[in-house]
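I opened my notebook beside the viewer and wrote down what I looked up, residue by residue. Come along and check each entry as you read.

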Amino acid sequence: MILDIKNVSKNFGGIKALKNINFSVKKGSIHALIGPNGAGKTTLMNIISGIEKMDSGDIYFKGFSIKDKPPYKRAEMGLARTFQNLELFGNLTVLENVIVGMYLKNQRGFLSSGIMLRGINREIVDKSLSILEYIKLSHRQKEIAKNLPVGEQRLLEVGRALATEPELILLDEPAAGLNMRETKNLSQLIQKIRDEKGITILIVEHDMELVMGISDLITVLNFGEVIAEGEPLMIQKNPHVISAYLGED
Amino acid sequence: MTKGNAIAVLLLGILVILFPQLTTDNYILTIAIFIGINALVAIGLTILMGYAGQISLGQAGFYGIGAYISAILSLYLGLPVLLSMIIAIAIASITAVVLAIPSLRLKGHYLAVATLGFGEIIHIILHEWGPGGPSGFGDIPPLSIFGYILHSTLEYFYLIWLCIIVIMIFSLNLINSMTGKALRAIHDSEIASLTLGINITKLKIKVFVLSAVYAALAGALYAHYVTFLSPSGFSLFYSVLVLMMVVIGGISNIWGGIAGALIITILPEVLRGFKEFDILVYGMILTLSLLFMRKGIVPLIIETYKRWISK
Ligand SMILES: Nc1ncnc2c1ncn2[C@@H]1O[C@H](COP(=O)(O)OP(=O)(O)OP(=O)(O)O)[C@@H](O)[C@H]1O
Ligand SMILES: [Mg+2]
């Protein structure tokens, strides 16, 4: 198991966003986290990546508790993510966004940065370009990120996450706002990332065709609770899941 | 460093070499020296504001530490001037770290408040316990570099502007490096930066220390050039003046620090003709330029130039 969520709870004032969540993500798998709007999926992603604190419980990444680690330490350990409400570096170019993703493995002190004659070396630029090629955004490299259409912005977030050379990527609704063709490409890209790079994927997504098509395991969240877990076919037939999505209770 | 900036640095270098050929007037050289000293402080604050998104209202404090400590060490303890300067800068940077750690851990503009208090405390200390108290002290040894003592205004002019060129090269390289990219990234999204492994707090602390080092260097150069110090030049007024330079010059480009220092330093000289109205005209010019050039002069010039080129 690469990720273990143990008894995680989170309240926002009176709202119980997460109630005693337990599940694990297997190394090398594509694991989906689904559920109706407001189920707590993004909250859990925020807690795993460390930008939100949990009230109680613990999270283990590669067997180590990361509860008390700041987000940048978790990134150092090999955790990357994308955001439902796009968090690109809007004023940087597409290429620069990926270059910043390589900061982790290429950071320098102020002194050596200040006396360096060449800014960012060829190797970093080449690596970033090959990532852009991988996500099929090479033709946009010089564009300012905020001028891209939503679909490409989502792709770029994936590329930037890849640049950190992670072991686990959290994707929060990567297909939101994408058309059918783009969604299909995304679906292939996600599988490629897992198959070729061996990176584990935890994906939150509302597009059921995408989820059912690529997931090894699905965990279903409703009102902050895990209501089901299983393989796609089982989840599709699960009466609790069906009623949660139909809004009956 | 980008090509454009490399050319700009080269042009600045040529200008510095040629400038004394254009004038033999010591008054003008003296003003050029003060522009340079102010520019050093302003460049540091530009990086802090433009690249770390933080405001300091206490740059006069670091400027004062640089000036007083270097002066005291060389005058009363007889240390070599260069060594005194280095120690003064080191003390300023340690002070900056101590100030930054608690205020930059928190979100928001705590640094502005903390530096405001810090600047005032330094001013009071200089006023109450500095040599000569409010009236200050003189006989500070002039700058000497490995035994060579600088005497003439011309020599100080060259030294100070050489410092600026070195500092500009260093700063432009920094901004163009991975660290600089990370700093710009933080501006657009702190959350995303964190999840990419960027230790935002640490970077902000480093930028603040850098701004303190530049200010302390400027202070030490000032002390050994003027050879006389009194607390009045190290008050909140000076911190606000530097802030003005940065805003007028433009925070999004570090050349703005030099442009702002140039304008704010020569404006009072140019306005002498207005006699008792000079403060009024001074205030009006500043207000109008803030109203009509929000981004500052340097970014405005670059934008205009780009528009002109593309036509
Ligand atoms: N910062 C916050 N302050 C207060 N309430 C919050 C906050 N963040 C989330 N919530 C609430 O917590 C609950 C879970 O929200 P969350 O964003 O995690 O849902 P989600 O499953 O990601 O939904 P969606 O599918 O719409 O993205 C919601 O009721 C939401 O209103
Ligand atoms: Mg969500």
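**Entry: D216(A).** I looked up D216(A) and found it partly exposed, with a relative accessibility of 34%. The word has cut-offs: buried means under 20% relative accessible area, exposed over 50%, and partly exposed in between, using a 1.4 Å probe and protein chains only. I located D216(A) in the loop between helix 9 (208-214) and strand 9 (217-222) of chain A. Helices (H or I, at least four residues) and strands (E, at least two) are DSSP runs, numbered from the N terminus. Leaving aside neighbours within four places in sequence, I listed S29(A), I30(A), R194(A), E231(A) and P232(A) as the contacts of D216(A); contact means heavy atoms within 4.5 Å. I also checked D216(A) against G230(A): they are 14 residues apart in sequence, and their C-alpha atoms are 8.5 Å apart in space.

**Entry: what I am looking at.** This is a predicted model, in which local features need pLDDT of at least 70, side-chain atom pairs count only at pLDDT 80 or more, and totals for chains, interfaces and linings use all residues. Residues are numbered from 1 along each chain as its sequence is written, chains are lettered from A and ligands numbered from 1 in the order in which they are written, and side-chain values use heavy atoms, with hydrogens and water left out.

**Entry: confidence.** I noted an ipTM of 0.93 and a pTM of 0.91 from the predictor for the complex. Chain B has a mean pLDDT of 92, and 100% of its residues reach 70 or more; pLDDT is the predictor's confidence in each residue, from 0 to 100. Which element of chain B has the lowest mean pLDDT? I found that it is helix 12 (residues 278-292) of chain B, at 81, while helix 3 (residues 59-76) of chain B has the highest, at 97.

**Entry: V281(B).** I stayed with helix 12 of chain B, where V281(B) is found. V281(B) counts as buried, at 16% relative accessibility. Beyond its neighbours within four places in sequence, I saw V281(B) in contact with L271(B) and F274(B). L271(B) is 10 residues from V281(B) along the chain, with 7.6 Å between their C-alpha atoms.

**Entry: the magnesium ion.** Which protein donors does the magnesium ion (ligand 2) have? I found T42(A) through OG1 and Q84(A) through OE1, lying 1.9 to 2.0 Å from the ion. Donors are N, O and S atoms within 2.8 Å of the metal (3.2 Å for Na, K and Ca); water is not among the atoms, so sites may look incomplete. T42(A) lies in helix 1 (residues 41-49) of chain A and Q84(A) in the loop between strand 6 (79-81) and helix 3 (94-101) of chain A, so the pair ties together parts that are 42 residues apart in sequence. I looked up the accessibility of both: T42(A) is partly exposed at 27%, and Q84(A) is partly exposed at 27%.

**Entry: E96(A).** I found E96(A) in helix 3 of chain A, buried at 13% relative accessibility. Not counting residues up to four places away in sequence, E96(A) touches K181(B) and R184(B).

**Entry: two helices of chain B.** Helix 1 (residues 3-22) of chain B packs against helix 6 (residues 153-176) of chain B at an angle of about 180 degrees, and I noted 11 Å between their axes. That makes the two helices roughly antiparallel.

**Entry: A92(B).** I placed A92(B) in helix 4 (residues 81-105) of chain B, where it is buried at 0% relative accessibility. Axes are lines fitted to C-alpha atoms, for helices over the stretch in contact, and angles run from 0 to 180 degrees between N-to-C directions. Angles under 35 degrees count as roughly parallel, over 145 as roughly antiparallel, 65 to 115 as roughly perpendicular and the rest as oblique.

**Entry: positive phi.** K62(A) is not a glycine, yet I read a positive phi near 55 degrees there. K62(A) sits in the loop between strand 4 (56-61) and strand 5 (64-65) of chain A and is partly exposed at 31% relative accessibility. E173(A), not a glycine either, has a positive phi of about 50 degrees. Is E173(A) buried or exposed? I found E173(A) buried, at 8% relative accessibility, in the loop between strand 7 (168-172) and helix 8 (180-197) of chain A.
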